Amino acid sequence: MSLSLMLAACGGNKENNGNANNAAATESASPSPETAAAPTEQKLTDGMGHEVSIPANPQRIIASYLEDYLVALGVKPVAQWSVPNGIQDYLQGDLKDIPTISYDLPFEAVTSFTPDLLILGSNSTVDGGKYDQYAKIAPTFVLGDEVNSDWRKALLKIGEVLQKKDQAQKVLDDYDAKAADAKTKLQAAIPDQSVAAIWLVANKFYVVSDKLSSGAVLYNDLGLKVPNVVKEISATGTGSWNEISLEKLADLDADHLILINSDKGTGAEALKDPIWQSIPAVKNGHVYEYEGASSWLYYGPVASSQMIDNVLKDLVK
């Protein structure tokens, strides 16, 4: 189910440019040097216990679905994550000309890009002996589930791998300062008012967890009030986004709704239902709509920063 939601979350169809000989594919990863001594090859143990020899200055990095971190660190990969119906649109200001590679990283496709470093996220990406196959292509560093599930840890770990620890820490410090400033403004603008993020996809509604994904930004970083219905569903839900019925939505005690509408192109019929129309936040005009291609369905320093910008625009008048 998680995979199907991820596929549905991505935006409109994009042409796959996955030819390593494409002119854009030759654009090198361009990490900016640390102010300290020039980088040298280093050996690091990854999240699965592999000792990995990391090149001193990798130029052709593949870090599928981790591009948010690379962008934050000023690094361009040689190929970017994609699914059949989309890419990470919110990053395209930086990745516009980068060719795509399928989310499941077929060995032949990976080889065609001649990478000099692979950075992978969860343990499942290397299940079934895949790690050994990837390691034959290029040095392969797996963050592991614990690090991959926390964008702050992931950012700092990738900073370590790329010998950009100081830069990664600055990105984190700048984000925390931005979040703290936004929190102060929100407390002044909407004291004791609650907010929920709702995702409409395939004519079904999902509510974000109060501890994961964009829910962590809303409730932890920005200190916004969690509606009781969101608390209830999060307590039993297992994912970042958990399905909520229209009937349960009618009980949603949120003063403001952020709606991520992945059904906009097909009419979003569910939004015409009388139950949706009866929700107090909807009747009061306190719904702020974003497309499925926006950063709201993702997680990382760039996505989270964009969410803060959205919340301030919508809620601080």
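Residues are numbered from 1 along each chain as its sequence is written. In this predicted model, local features need pLDDT of at least 70 and side-chain atom pairs count only at pLDDT 80 or more, while totals for chains, interfaces and linings use all residues; side-chain values use heavy atoms, with hydrogens and water left out.

Trainee: How many helices and strands are there in the protein chain?

Mentor: Helices (H or I, at least four residues) and strands (E, at least two) are DSSP runs, numbered from the N terminus. Counted in this way, the protein chain has 14 helices and 12 strands.

Trainee: What percentage of the residues of the protein chain count as buried?

Mentor: Buried means under 20% relative accessible area, exposed over 50%, and partly exposed in between, with a 1.4 Å probe and protein chains only. The accessible areas come from the Shrake-Rupley method with a 1.4 Å probe, and for residues only the protein chains shown count as cover. The chain exposes about 14,100 Å², of which carbon and sulfur atoms supply 50%. Of its 317 residues, the buried fraction is 50%.

Trainee: What share of the contacts with a separation of 6 or more comes from residues 24 or more positions apart?

Mentor: Contact means heavy atoms within 4.5 Å. Among contacts in the protein chain with a separation of 6 or more, residues 24 or more positions apart account for 68%.

Trainee: Which strands are the edge strands of the open sheet of 5 strands?

Mentor: Two strands pair if DSSP finds at least two bridges between them. The order in this sheet is β10-β9-β8-β11-β12, with mixed pairing. Strands that pair on one side only are the edge strands, here β10 and β12 (287–291).

Trainee: Which residue is the bridge partner of W199 in β11?

Mentor: β8 and β11 (residues 256–261) run parallel and are joined by 6 bridges. In β11, W199 has as its bridge partner I260.

Trainee: Which residue in the turn of the hairpin formed by β8 and β9 has a positive phi?

Mentor: Of the residues in β9, 4 of 5 are buried. The hairpin leaves 2 residues between the strands. With a phi of about 55°, the residue in question is A202.

Trainee: At about what angle to β8 does α9 run?

Mentor: Axes are lines fitted to C-alpha atoms, for helices over the stretch in contact, and angles run from 0 to 180 degrees between N-to-C directions. α9 lies across β8, β9, β10 and β11. Its angle to β8 is about 165°.

Trainee: Within what arc do the buried residues of α10 fall?

Mentor: In α10 (residues 228–236), the buried residues are V229, V230, I233 and S234. Seen down the helix axis, they line one face, because their arc, taken from the directions from the axis to the C-beta atoms, is limited to 130°. On the other side of α10, A235 and T236 are exposed. The cover over the buried residues includes β8 (195–201), β9 (204–208), α9 (213–221), β10 (241–244) and α11 (246–249), and the arc itself is 130°.

Trainee: Why is the pair of W199 and W241 edge-to-face?

Mentor: Rings of Phe, Tyr and Trp (its six-membered ring) pair if their centres lie within 6.5 Å; planes under 30 degrees apart count as stacked, over 60 as edge-to-face and the rest as tilted. W199 in β8 and W241 in β10 are 42 residues apart, and both are buried. Their ring centres are 5.8 Å apart and the planes stand at 70°, so the pair is edge-to-face.

Trainee: Which strands stand at the edges of the open sheet of 3 strands?

Mentor: The order is β3-β6-β7, with parallel pairing. β3 and β6 (residues 117–120) are joined by 2 bridges, and I61 has L117 as its partner in β6. α5 packs on this sheet, touching β6 and β7. Each edge strand has a single partner, so one side is left without a neighbour in the sheet; these strands are β3 (61–62) and β7 (140–142).
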